[in-house]
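Keep the structure open while you read.

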4 protein chains.
Amino acid sequence: LQTDIRNFARNKQLDQVVVINLASTEPQASSEAERLTGDDLTQALERSEANTLPTSSWVAYAAIDAGFPYVNFTASAGADLSVLAQLAQHRRVPIAGSDGKTGETLVRTILAPMFYQRNLRVLSWVGNNLLGNRDGKVLSEPRNRESKLRAKEEALTKLLGYSPQTLTSIDHVDSFDDWKTAWDHVHFQGFLGVQMAMQFTWQGCDSALAAPLVIDLARLLLAAQRNGRVGAVEELSVFFKRPTGNAPHDLAGQFERLKSFANSLSRRS
Amino acid sequence: LQTDIRNFARNKQLDQVVVINLASTEPQASSEAERLTGDDLTQALERSEANTLPTSSWVAYAAIDAGFPYVNFTASAGADLSVLAQLAQHRRVPIAGSDGKTGETLVRTILAPMFYQRNLRVLSWVGNNLLGNRDGKVLSEPRNRESKLRAKEEALTKLLGYSPQTLTSIDHVDSFDDWKTAWDHVHFQGFLGVQMAMQFTWQGCDSALAAPLVIDLARLLLAAQRNGRVGAVEELSVFFKRPTGNAPHDLAGQFERLKSFANSLSRRS
Amino acid sequence: LQTDIRNFARNKQLDQVVVINLASTEPQASSEAERLTGDDLTQALERSEANTLPTSSWVAYAAIDAGFPYVNFTASAGADLSVLAQLAQHRRVPIAGSDGKTGETLVRTILAPMFYQRNLRVLSWVGNNLLGNRDGKVLSEPRNRESKLRAKEEALTKLLGYSPQTLTSIDHVDSFDDWKTAWDHVHFQGFLGVQMAMQFTWQGCDSALAAPLVIDLARLLLAAQRNGRVGAVEELSVFFKRPTGNAPHDLAGQFERLKSFANSLSRRS
Amino acid sequence: LQTDIRNFARNKQLDQVVVINLASTEPQASSEAERLTGDDLTQALERSEANTLPTSSWVAYAAIDAGFPYVNFTASAGADLSVLAQLAQHRRVPIAGSDGKTGETLVRTILAPMFYQRNLRVLSWVGNNLLGNRDGKVLSEPRNRESKLRAKEEALTKLLGYSPQTLTSIDHVDSFDDWKTAWDHVHFQGFLGVQMAMQFTWQGCDSALAAPLVIDLARLLLAAQRNGRVGAVEELSVFFKRPTGNAPHDLAGQFERLKSFANSLSRRS
C-alpha cells in the first residue's frame, strides 16, 4: 500500500499527499481491535494476518506509518483506534475523522441546540434516511450501519443533555441514484406540558454535498501538517458526525473552532 | 397610564413591575415617528395629540418615563423609536425588544447559519405561516404584518450575507385555534451548481411557546435593572426577531450572549 | 388567424389540425363577454374591435369557425363563452377545456373524495403553489390567477358537499425553472370532534406533466371529430381543473367516463 | 366463548350481537392453518388442542358456529381461513374483514389510482408508520407486523398493475399516545423519463379513526344478516386493507360497491 501511494505521488509529480477514506462503510470493528498495541500490528504484518484489522484501518496504518496525513470520511474504523492515534503522534502525522456529515446529522447538530436553548424537551426524534447510491446499498445491511446509527443518536444525547426515544433507519432506494432524502420527526414538549412537533425533509445529492468537504479537508490537513500539528485535529470536527476529543457537538461551536484554527494557520504559514 | 400601572403595583402589593407589550400587532409606525424629539412628545401630550405616536409607543413612553422596565414582545413600534431609547437612557430604565421569536423565525435563525457555514447558496426561501388565534387574524391584514415580514426576511439576509429570493406569508386559519403551522421551503445550490432542497414544518401552540419567554424576560429585565443596566439590553436578543444594537443574528451566538449576561448578573446581585 | 392555421396545415402536409391554447393565462374575461351573441362577434370583427373578446377567445373563435377542434389547456377564457359553445355546435366542431390539471388540483380531486367517503369533515384546506417558469410569473399577478384559484376552490366544494375555509396561493420562484412545488395542509375533524391533519407536497416538472395530456387531448379530439361529436366533450373532464357540463368532479369518476368514451370510439372508427 | 357471548346478550338484553375482533395483532397464522378442515377443528376441540388455531380464529369459530356475524378489524387471522369461510356459509352467517384501513393504507388506496390513471410510473413507494398506542407496540415486533405489511404492499401492486420498490415500516413511539403519524414518499417517472416526487404525512388519532368504522360495520353486518346474506360480504371492502373476493382495490370503486349495497339493503329491510 505504501509503495502504491508513493508511486501515485511520483507519477502525478505531487509534493504532498493526503490519504482519504471514501470507500463503502465496513461493519463495526471488534472490541479486540480497540485494545491492539503497536507490537500486535507488527506481528500481524509479519504473519500476514489480515483479519487483525479492518481493511480501512490497514490503509490508515499504511498512510500514517509512511507519514501521510489521513482522513476517515466514512463510518468505518479507519484511524479511529488507539493504536493508530498513537502511531500518528509518533510519526508526527495529522489525522481527522470520522464520517463526514452532509445531511441528516448536519441538520440535527444545528437544530438540536435550539430545543435545548428554548427548554423544549424532545420526547422522541425519528429519522428515516433513504439513499440511492452504493453507499446506501451497503448501509442497508444492519451490521454495516450499526456504527453510523450510533454516531447519529449519540449526537442528540450530547446536544440535548438527555436521551429522548430515537428511531433512526437507513434504507436503499434504487431509483434515487446519487440522491438522498431524510425525513425527521421531532416530538417535543413545551410550557405546561403542551406537546408540539417539527418535521423536516432534506433532499440532497450525496456526492455534491461530500466533495467540497473532502477537498477542504485535504487542504486543511496539509496546512496543519505544515504548521506542525500531529495526531487528531479536533478543530476539524465540524466536518464529521463524531467530533474528536473535546470538540463541541453543536455545529455553531464547531464552526467557531474551525474559524479560529484556519486563522491561526494563515498567520503561521 | 402611569397611574394605572402604579395602582396595579399597589393593589397587588408588588415591589417591582415590568411592562410587557403583548397586544395585537399595529400597522408600522410612520417615518415621522422615528424623527420625533422629546420636546415633540411633551408638546403632543400637552395638546392631547394621540396620533403623534402609535398606541404601543405611548404605553412604552408611560412605562419608561415612570421608571418601569419595558419589553416589546410584538412587531408594533413600542419603544423601538430613537426618542424612547433616549428616554430610557435618561430615566435609567432597561428595555428590550422587539417581537418574540417562537416559531418560523426561531427555526430560521438556527438553520440559516448552516447554509452559510457549508457554503450552500440559498436560491430561494419561502415561508407560509398559518395561525388560528387573534394574533393571526390581525396579522392577516397586510398593513399589520408588514414590519413582521420585514424582520423575518432581514434575519435571512444578515445570516446568509446576501438576499436570496424570499416569499413569506402569514394567514389566519379559523380552525387552528391557538396553534400555528409554518411550512418553509429552502432551495439551495451546492458544489458544481447542484440544486437541492430542504423543507420543514413547525406545528406549535402559540401561547405555550411565548409564555415562558415572557416570564424569563420579566425576570431578566428586573435583574438587569438591579444591576444598573439602562437602555436597550442587547444581550436579550435571543428572545426576539430583530436583535438590538450589535447583537448577533444567529441563535447560537445570541444564546452565548445570554449566558454570559446571566452569569454576570448572578455574580453581581 | 384562419389563414395562418391553414398555411401551417399545408406546409406541414397535415390532414388534420387541432388548435390547443397553451399561452400564458389571461386576466378573467368580463361578465359582458359571457353575454355576447354571434351577431356581436360579427360586428366586432367588421369594426376591428379587438377588445370585445380576450385574445384566447379570438383564437378559439378562429379555430372553431374554420372547423378545427379546439382545446383550452389554460385558465384563460378560450372557448368557455356561451357564444363560442354555440358556434362549436353550429360548425360541428368538438371542443374541450379548460385548464389542464397536472399538480395540486389533480391531487385534490383524487384526495377530497376520501374525506367525504370517510365522513371526515374538512375544517380548512390551505394550498401554496410555487412555480418557476413563465406560467408561474404570469400567475403571480393577482388578476391573472383569479379564475385559476376559483377553479381550484370550486373543485373542493363540489367534492366535499360544503365549503371549508380555503386559502390558495400561487407564487413565482425564479430558481425553480420549469419545476413546481405545491404544499397542501388539510385540517379535518373526525369522530367525536377529534381534529387531525394531512399534508402533502408535490414536486413536479410542469412541462413533463402537461405534455402527455396535450398529446392525448389532440388524439382524442380528432377521434371525437371522426366519430361525429360536436360541442363540448365532457368525457374529457379528467384532463381539466373545471369539468364540463354534467361530468363528475372526482378523478376516479372522470377516469371511468374517459374509459367508456375511449372504448366507444375504438368500436366506431 | 359461546356461553360468554350468549350471557352478554342476555345481560344487556340484546336482540342481536356482532362479534368484532379489535384485539392486538397476532403473528401470522401458519400455512397448515389454511389447510384445516371442519373435521380437524372438531377433533382439536375434543382434544383441547388450542394451538391448532390462532386465538383470534378460535373466537371467530365460536361466533360463527353460534350464528353471530363476525368482523375481523385487525391483521390477525380471525375468520380469514378457508375452513371458517365454509363454516360461515354453512351456518348462514355474514362475515367481513380483514384489518380496518384508517391511515396510510386508506390514503394509498385513494392515491395510487391517480398514478395509474396519469401513466406516472411509480419507481419507489416508501412508508413510515409511527404509532404510540398498544397496537403500535405490538406491531413493532417484526413477526406481528408481517401480515399487515404484506397487505399494505399488496394493495399498491394491485392498484398500479406492477410492483414498484416498496419499503414500509411500523414503529412504536411512546410519546405519541393514541396518535399516529405516517410519512410516505412516492418517487415516480413521467413523460420522457422525468423523475418527480410526492410526499404526504397523515397525523391521526387511531381510535377516533377506527371507532366510527366499527360502529358502521356492526350496523351493516346486522342489516346484511336480516337480508339473508351469508359468508364474506365483499361489498364492505372499503373498510379494510385487504379486500374480499372480487372486490376492487381502489377506494373510489369500493365506495361505489358500498353505496349500491347500502341502497339494496334499505330497499329490502
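Start with a helix. In chain D, helix H8 (residues 142-160) lies across strand S4 (121-131) and S5 of that chain. Helix H8 of chain D runs at about 145° to S5(D). Keep in mind that this is a predicted model.

**Helix on strands**

- Strands of a sheet pair through backbone hydrogen bonds, either parallel or antiparallel.
- Eight strands form an open sheet here, and the pairing is mixed.
- The order is S5(C)-S4(C)-S6(C)-S7(C)-S7(D)-S6(D)-S4(D)-S5(D).
- Which strands stand at the edges? They are strand S5 (165-172) of chain C and strand S5 (165-172) of chain D.
- Each edge strand has a single partner strand, so one side of each is left without a neighbour in the sheet.
- On average, neighbouring strands of this sheet are turned by 10° against each other, direction ignored.
- Look at one pair: strand S6 (residues 179-189) of chain C and strand S7 (residues 195-205) of chain C are antiparallel, with eleven bridges.
- C:Phe188 stands opposite C:Met196 in S7(C).

**Where chain A meets chain D**
- The contact takes 21 residues from chain A and 21 residues from chain D.
- The size of an interface is often given as the accessible area lost when the parts come together.
- Between chain A and chain D, the buried area is about 1700 Å². Carbon and sulfur atoms give 59% of that area.
- Which residues of chain A lose the most area to chain D? They are A:Gln165, A:Ser175 and A:Trp183, together 28% of what that side buries.
- How many salt bridges cross this interface? The rule finds zero between chain A and chain D.
- Polar contacts do occur across it: eight residue pairs of chain A and chain D are in polar contact.
- Strands S4 (121-131), S5 (165-172), S6 (179-189) and S7 (195-205) of chain A each supply at least two residues of the side that touches chain D.
- S4(A) gives the largest share of that side, five residues.

**How chains A and B are related**
- A rotation of 180° superposes chain B on chain A, with 0.0 Å of shift along the axis and an RMSD of 0.1 Å.
- The two copies are thus related as by a two-fold rotation axis.
- In chain B, the C-alpha nearest the axis belongs to B:Phe200, 2.0 Å from it.
- Both copies use the same surface: 100% of the contact residues of chain B recur in chain A.

Definitions and conventions. Residues numbered from 1 in each chain as written. Chains lettered and ligands numbered in written order. Predicted model: local features only at pLDDT ≥ 70, side-chain atom pairs only at ≥ 80, totals over all residues. Heavy atoms only, no water. Least-squares fit on C-alpha atoms with pLDDT ≥ 70 in both. Contact = heavy atoms within 4.5 Å. Pairing = 2+ DSSP bridges. Helix = DSSP H or I, 4+ residues; strand = E, 2+ residues; numbered from the N terminus. Axes fitted to C-alpha atoms, helices over the stretch in contact; angles between N-to-C directions. Buried area = accessible area lost by both parts, 1.4 Å probe. Salt bridge = Lys/Arg side-chain N within 4 Å of Asp/Glu carboxyl O. Polar contact = N/O pair within 3.5 Å; in protein donor to acceptor, adjacent residues only side chain to side chain.
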